[in-house]
Amino acid sequence: DPGLTVSVHCNGTMNVLAIAKQLKVSHLYFASSADVYSPEHAVLSERTTPLMPPADVYGPTKYAGELMCTKFQEETGAHVVITRSFNVYGRQWTNRFLVPSICEQVRAGSSELRLGNLSVARDYVHIDDLVSAILRLMGKTKGLVIANVGSGTRTTVRQLVAICGRIVARKIRAISDKKFQRSKTIDRPAWQADIRYIRELVGWYPTHSLEDGLRQLILDES
């Protein structure tokens, strides 16, 4: 929904910043996305990877939000933290994204999963790790900070399914179904966070392995 995306990411952010300026807010957090990076690269760094992907409206409008927050920080001197999050997953995830969809099917006893492109590789970061990164950045930095938050590794859809199979101790087959495949123009083949900067900055690193996170989702919520 490009219209809604522009409305929320641009107009919504502008409205929040206007109120924040009026109220003289001293601390601000903006949730950006790894989608701001060029899709031509797999390992994505705050310091070296080009921005502004042309693939769809999501990335450029998130980057527009970053620019507005940067301007807000310059004008007010507030402490502004921007995180470029990768594929966040965890409990109570309601959107129909890949990880909750897989876990739901596995919990239901399915041994054959119909999914999209099985070779796409993503960087999955647990919600608890994202929260700890935000709190550490907000508490231990000043001024404007823009940092990646991811696991620093990437996992294909096939590997995700294999991990789930190990967790439930049964063979699970993944089938690529065209009905669930995204357009090649917007589906990046791979992405992975370079998390050296946040580690150098505040000593943060993820503590939840993907297998432990999936086990929590599959077994604890069954």
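1. Lys-24 is exposed, with a relative accessible area of 74%; exposed means over 50% relative accessible area, buried under 20% and partly exposed in between (1.4 Å probe, protein chains only). Lys-24 sits in the loop between H1 and E1, and its phi is positive, near 55°, in a residue other than glycine. Helices (H or I, at least four residues) and strands (E, at least two) are DSSP runs, numbered from the N terminus.

2. On the basis of these remarks: the model is predicted, so that local features need pLDDT of at least 70 and side-chain atom pairs count only at pLDDT 80 or more, whereas totals for chains, interfaces and linings use all residues. Residues are numbered from 1 along each chain as its sequence is written, and side-chain values use heavy atoms, with hydrogens and water left out.

3. Ala-169, a residue other than glycine, has phi near 55°. Ala-169 lies in the loop between helix H5 (157–168) and strand E10 (173–176), and is exposed, with a relative accessible area of 69%.

4. Helix H1 (residues 2–22) has 21 residues and spans 29 Å from its first C-alpha to its last, close to the expected 30 Å; the expected span is 1.5 Å times one less than the number of residues.

5. Which residues of H1 are buried? They are Thr-5, His-9, Cys-10, Thr-13, Leu-17 and Ala-20. An α-helix has 3.6 residues a turn, so residues three or four places apart point the same way. The cover over the buried residues of H1 includes strand E1 (27–33) and helix H2 (58–76).

6. The axes of H1 and H2 come within 9 Å and cross at roughly 10°; axes are lines fitted to C-alpha atoms, for helices over the stretch in contact, and angles run from 0 to 180 degrees between N-to-C directions. Contact (heavy atoms within 4.5 Å) involves residues including Val-6, Met-14 and Lys-21 of H1 and Ala-64, Met-68 and Phe-72 of H2.

7. Asp-56 belongs to the loop between strand E2 (43–44) and H2 and is partly exposed at 28% relative accessibility. Its C-alpha atom is 8.4 Å from that of Pro-2, although 54 residues separate the two along the chain.

8. The largest nonpolar core has 22 residues, of which Ala-34, Leu-44, Phe-86, Leu-137, Val-149, Ile-198 and Trp-204 touch the most other members. Such a core is a set of buried Ala, Val, Leu, Ile, Met, Phe, Trp, Tyr and Cys residues joined through side-chain atoms within 4.5 Å. Helix H4 (127–140), strand E8 (144–149) and helix H6 (196–202) each supply at least two of its residues, and H4 gives the most, with 4. Beyond its neighbours within four places in sequence, Val-149 has contacts that include Phe-86, Leu-130, Ile-198 and Trp-204. A separate second core of 20 residues includes Tyr-89, Val-99, Leu-115 and Leu-118.

9. Arg-114 is placed in strand E5 (residues 112–115) and is partly exposed, with a relative accessible area of 42%. The C-alpha atoms of Arg-114 and Ile-102, 12 residues apart along the chain, are 9.2 Å from each other.
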